[in-house]
Amino acid sequence: GLALCQYFEDQKMSFCGRKVIELGAGTGIVGILAVLLGGDVTITDLPQALKQIENNVLANIPSSCAHRCQVCALSWGNNHSHFPTDYDFVLGSDIVYLPETYASLIHTLQHLSAQRATIYLSSKMRREHATVFFYEEILPQHFQCQLLYRNEEKNINLYKITKK
């Protein structure tokens with residue numbers, strides 16, 4: 001998550017007035033930053049992770065911004081169709097590590113970005129989890145993918161992904 005946050009800080013990204021969703025949020029750090037940078041943000045993960053995210057949101061987002069943040073469950077490939085298709089940004093940090101979820105992730109990304117979204121994903125490039133295969137073979141079949149940044153030392157790549 002920190003690599004994606006650092007990129008947004010370095011690029012002086014603004015999410016003001018933009019509709020943002022974070023997938024597989026874990027701690028919620030990326031979504032929290034997107035709120036602090038002005039976005040209307042939906043932070044998602046599996047149900048068992050939501051309490052930690054809610055606590056982090058309460059601890060890190062001023063009450064004056066709280067109305068621009070919601071936390072809810074999203075299970076890729078299952079309930080993604082309950083979410084709108086008009087996000088401006090879809091964010092994900094280190095969510096590509098279980099090959100059995102890759103097809104569901106693709107379906108979810110396609111749904112959430114159906115209208116106009118730009119997707120930013122950062123990943124540790126784990127060979128044992130076929131992460132490289134996902135970004136170099138699977139994702140390009142469905143989207144335009146651009147490598148924006150690579151941290152050799154930590155083996156982390158950051159991608160910008162748009163509709164073909």
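Guide: Let us begin with a pair of packed helices: H4 and H5 cross in a right-handed sense, a term used when the near helix is turned clockwise from the far one by less than a right angle, anticlockwise being left-handed. This is a predicted model, in which local features need pLDDT of at least 70 and side-chain atom pairs count only at pLDDT 80 or more, while totals for chains, interfaces and linings use all residues. Residues are numbered from 1 along each chain as its sequence is written, and side-chain values use heavy atoms, with hydrogens and water left out.

Visitor: What makes H4 oblique to H5?

Guide: The two helices pack at an angle of about 45 degrees, with their axes 12 Å apart. That angle makes H4 oblique to H5, because under 35 degrees counts as roughly parallel, over 145 as roughly antiparallel, 65 to 115 as roughly perpendicular, and the rest as oblique. The axes are lines fitted to C-alpha atoms, for helices over the stretch in contact, and angles run from 0 to 180 degrees between N-to-C directions. Helices themselves are DSSP runs (H or I, at least four residues), as are strands (E, at least two), and both are numbered from the N terminus.

Visitor: Which residues of H4 and H5 meet?

Guide: Tyr-102, Leu-105 and Ile-106 in H4 meet Thr-131, Phe-134 and Ile-138 in H5, where contact means heavy atoms within 4.5 Å.

Visitor: How do you know on which side of H5 its buried residues lie?

Guide: In H5, residues 131-138, the buried ones are Thr-131, Phe-134, Tyr-135 and Ile-138. They cover an arc of only 120 degrees around the axis, which puts them on the same side of H5; the arc is that of the directions from the helix axis to the C-beta atoms. An α-helix has 3.6 residues a turn, so residues three or four places apart point the same way. The buried residues of H5 pack against H4 (102-112) and also against strands S5 (118-124) and S7 (156-163).

Visitor: Why are H1 and H2 called roughly parallel?

Guide: Their axes come within 9 Å and cross at roughly 20 degrees, and H1 and H2 are therefore roughly parallel to each other. The contact is made by Leu-2, Leu-4, Cys-5, Phe-8 and Glu-9 of H1 and by Ile-29, Val-30 and Leu-33 of H2. Within H1 (residues 2-10), Leu-4, Cys-5, Tyr-7 and Phe-8 are buried. Their arc is only 160 degrees around the axis, which puts them on the same side of H1, whereas the face turned away from that buried side carries the exposed residues Leu-2 and Asp-10.

Visitor: Cys-16 is in no disulfide; how do you know?

Guide: The structure holds zero disulfides. For Cys-16, the nearest cysteine sulfur, that of Cys-65, is 9.8 Å away, and a disulfide is a pair of cysteine sulfur atoms within 2.5 Å. For Cys-69, the closest cysteine sulfur is in Cys-72 at 9.4 Å, which is too far for a bond.

Visitor: Are Cys-16 and Cys-69 buried or exposed?

Guide: Buried means under 20% relative accessible area, exposed over 50%, and partly exposed in between, with a 1.4 Å probe and protein chains only. Cys-16 is exposed, since its relative accessible area is 53%, whereas Cys-69, at 15%, is buried.

Visitor: Why does Ser-104 count as partly exposed, and which residues does Ser-104 touch?

Guide: Ser-104 lies in helix H4, and its relative accessibility of 23% makes it count as partly exposed. Not counting residues up to four places away in sequence, Ser-104 touches Trp-76 and Gly-77. Ser-104 and Gly-77 are 27 residues apart in sequence, yet their C-alpha atoms are 4.3 Å apart in space.
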